[in-house]
Amino acid sequence: MTTASSTASFPRDGAAPGDRAASQPPKPPGQASYPPLEGMPRALGTLALSAAVFMNVLDTSIANVSLPAISGNLGVSTSQGTWVITSFAVANAIALPLTGWLTQRFGTVRLFVGSVLLFILASWLCGLAPNLESLIAFRVLQGLVAGPMIPLSQTLMLGSYPKEKSGIALALWAMTTLVAPVAGPLLGGWISDNFSWPWIFYINIPVGLLSAWVTWMIYRKRESPTRKLPIDTIGLALLVVWVAAFQIMLDKGKELDWFENTTVVVLALVAFVAFVFFVIWELTDRHPVVDLRLFKGRNFTVGAVTLSVAYGVFFGNVVLLPLWLQTVMGYTATDAGMVTAPVGLLAIVLTPIVGKMLAKTDPRLLVTAAFVVFAIVSFMRGHFTPQVDMNSLLIPTLIQGAGMAAFFVPLVSLTMAGQPPDKIASASGLSNFCRITAGAFGTSISTTLWENRTSMHHAHLTENITSGSAVAQSALQGMQASGMSPQSALASLNSLISAQSATMAVTDIFYASGIIFLVLIAMVWFARPGKPSGKPADGGGAH
């Protein structure tokens, strides 16, 4: 239970230790109150935090490619095997917004290191899982403990650098979150092809142990203050219900034919009702488990919404492109990964430069440039045909890396602008929750639209395959003249139409994505320029 004295002992805005009650033991200052790290400790700390984030983000995508191998080995259908992905996503989405509350209970460093160690344990258990049920249970555990890792790594990274270099800190942190989703399918395909699927989880063990050890050695004396807050059980229960129902609806909606299926309708209703009650409860409770009052700040709202929408569109395309390459263009999983992997090249090179530019450049200008690049890339992909060659696929992928470098870091900077030190973990957790949920939403929308648009284009194209169509009859006669039977000729023509239809559908989505990115340019200018911490950027700081 929080008392007046415990509240007073919590340092606010740099309160001096002498302001505390004399009878209470001294508490550590907030992360921003510690002097920045320098030299080797800062370099090692950055490396350790980045390794943990890379391991975490990698695990959200690496299992996608290995799903057929996992399903076959465990003797279940691929449809059943998708729960391996869904279970992790649901648990992770639930844990992310709890980061702020957990941080105040356990401290930033202890919570981060504990999350990494539990993530290693869960990864090891996933690799040992003898059946689907146990694998799903261990993936739930893995998703839950993974939640605080990303926002807390961001908090610790910002505390390691001086305020004038906060852009560089965010840039170094962002590189891992941008590259890992691209590397995941490539690494997962290679491991599945050359080893066995449990190794996609075992590779986390050495990386995680090294990250946890280095982080503890460097940051253990830089712990954040803690206080015993009441557990908001009702808010937590509502969060679990609406997030779980919403995430399962998104993951299973396409498979169950969306709102034509009763299960999807029920999940949607449960998610909506629980969400409404959750918002009302959290805004009126004295100790909410998720601080929704952060949305009172203009920069946080504009930054979080813009980042979420942009990431949803971006991630939907990241999923759609290799899916089209594998199902329509005949690429293997490894080859499709090779097409998408170069996106990280320019992102890695330019992200530190963008981080340095943040100190002198309006972040809204950088985000505008990023969205222009994303729009250009989307329109370039909108001209793809079933005959597109490798070079034509790689050019927009390479260019997209420049947009990624100027997209993530400045938007995170705008979102965190004006947040006091004790709110950074909560703000980071909530904004990352919005971003990841939007990514799941974007994936479901893009794959469903692709399927629907493919059927529409197929129907329109086949309308011309009639006995009165000279072009169609000429094509069929040419196939039969080469030795095909009439049935084989029709099947071959239908295959060509299917490939063309799927390609037309995917280019439709790319065009629409380009338009959305251009619209987002206007949205980002509703924010005020600012820095990740320090003087409030919107006149009132975090409310």
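Predicted model: local features only at pLDDT ≥ 70, side-chain atom pairs only at ≥ 80, totals over all residues.
Twelve of the twelve residues of α8 are buried, so the helix is largely enclosed by the rest of the structure. Among these buried residues are M149, P151, Q154 and S160.

A search of the whole structure finds three cavities of 30 Å³ or more.

For the largest cavity, select Q154, W173, L307, F408, V412, T415, M416, S431, N432 and R435, which line it. The space in this cavity is about 60 Å³. Now colour α18 (390-416) and α19 (424-462): each supplies at least two residues of the lining. The largest share, four residues, comes from α18. By class, the lining has five nonpolar, four polar and one charged residues.

Then move to the second largest cavity, which holds about 50 Å³ of space. Select its lining: F314, N317, F374, V377, S378, R381, Q400, F510 and F517. Two or more of these residues come from each of α14 (298-327), α17 (363-381) and α21 (486-524). Which helix gives the largest share of this lining? It is α17, with four residues. Colouring this lining by class shows five nonpolar, three polar and one charged residues.

Note on methods
Residues numbered from 1 in each chain as written. Heavy atoms only, no water. Buried < 20%, exposed > 50% of the residue type's maximum accessible area, 1.4 Å probe, protein only. 1 Å grid on protein atoms, 1.4 Å probe; cavity = no way out; pocket = protein on both sides within 12 Å on 5 of 7 lines; lining within 4 Å. Points joined across faces, edges and corners; volume = space filled by probe spheres on them. Nonpolar A, V, L, I, M, F, W, Y, C, P; charged D, E, K, R; others polar.
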